Amino acid sequence: MSSRSPIESRAQNDLVAEHFRRSCDTLSRAADDPEFRAAIHAIAETIAAACWGGHKLLIAGNGGSAADAQHIAGEFLSRLNFDRNPLPAIALTTDSSVLTAIGNDYGFERTFERQVRGLGKPGDVFVAISTSGRSPNVIAALQAAREGGLTTIGFTGSAPNGLMQPLCDHYLAAPAKETPLIQQIHIVAAHATCGLVEQSLFPRLK
């Protein structure tokens with residue numbers, strides 16, 4: 001039997017309901033924003049063109065954004081909505097030996113930058129995910145990507161910052177300042193992007 005009082009249970013239910021309301025409100029703001037939708041279309045077109053040209057997608061972020069990077073890479077390499085050929089995508093967050101070697105030898109701020117320089121080629125696409133837009137290792141990787149001739153895409157939140165946006169060819173700012181809500185928008189936007197890329201590269205007969 002639960003030891004919680006009915007008042008405690010009601011309060012917790014109210015917190016859950018409020019979280020879902022904020023989540024729905026944030027999703028609605030994103031869906032109703034024509035600039036936000038246009039940014040997703042532009043990102044999808046960029047990725048589709050790169051894949052069509054034989055290039056690949058590199059993705060990086062920290063914490064929950066690292067999980068998002070791996071999730072997105074999985075959707076491209078496996079499938080999202082239907083069976084099709086795999087698309088080349090690499091999450092720069094998965095190789096513990098590489099991450100710890102670079103972190104130990106060069107510092108944590110260069111964990112993604114070194115990988116971008118070693119794995120990225122001109123024409124590839126680098127997707128940088130940072131809810132704050134200020135993650136030092138993500139910013140360093142964006143700088144390396146620009147220097148290496150990669151197309152750069154940034155996923156962040158609505159808090160103003162001057163670090164990430166100038167380094168991005170395409171920039172998607174979730175209409176939220178709370179990290180969990182930003183991350184929800186990022187993965188929904190990534191699913192929409194992958195779906196558009198699938199439709200572009202693998203059109204199916206109706």
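Modeller: A cavity is a set of grid points where a 1.4 Å probe fits but cannot get out, and its lining residues have an atom within 4 Å of a point. Please note that this is a predicted model.

Colleague: How many cavities of 30 Å³ or more does the structure hold?

Modeller: The structure holds one. The largest cavity has a volume of about 70 Å³.

Colleague: And which residues line the largest cavity?

Modeller: The lining consists of I43, I47, L57, I59, I72, F76, V127, I153, F155, A190 and T193. Two or more of the lining residues come from each of α2, β1 (57-60), α3 (64-77), β4 (151-156) and α7.

Colleague: What is the lining like by class?

Modeller: It has 10 nonpolar residues, one polar and no charged residues.

Colleague: Turning to the helices, at what angle do the axes of α2 and α7 cross?

Modeller: The axes of helix α2 (residues 34-52) and helix α7 (residues 179-201) cross at roughly 50 degrees and come within 9 Å. That angle makes α2 oblique to α7.

Colleague: Is the crossing left-handed or right-handed?

Modeller: The crossing of α2 and α7 is right-handed.

Colleague: Which residues meet there?

Modeller: From α2, the residues are F36, I40, H41, I43, A44, I47, A48, C51 and W52. They meet I185, A189, A192, T193, L196, V197, S200 and L201 in α7. By class, this contact has 14 nonpolar, three polar and no charged residues.

Colleague: Which residues of that contact also line the cavity?

Modeller: I43 and I47 of α2 and T193 of α7 are among them.

Key
Residues numbered from 1 in each chain as written. Predicted model: local features only at pLDDT ≥ 70, side-chain atom pairs only at ≥ 80, totals over all residues. Heavy atoms only, no water. Axes fitted to C-alpha atoms, helices over the stretch in contact; angles between N-to-C directions. Helix = DSSP H or I, 4+ residues; strand = E, 2+ residues; numbered from the N terminus. Parallel < 35°, antiparallel > 145°, perpendicular 65-115°, else oblique. Left-handed = near helix turned anticlockwise from the far one by under 90°. Contact = heavy atoms within 4.5 Å. Nonpolar A, V, L, I, M, F, W, Y, C, P; charged D, E, K, R; others polar. 1 Å grid on protein atoms, 1.4 Å probe; cavity = no way out; pocket = protein on both sides within 12 Å on 5 of 7 lines; lining within 4 Å. Points joined across faces, edges and corners; volume = space filled by probe spheres on them.
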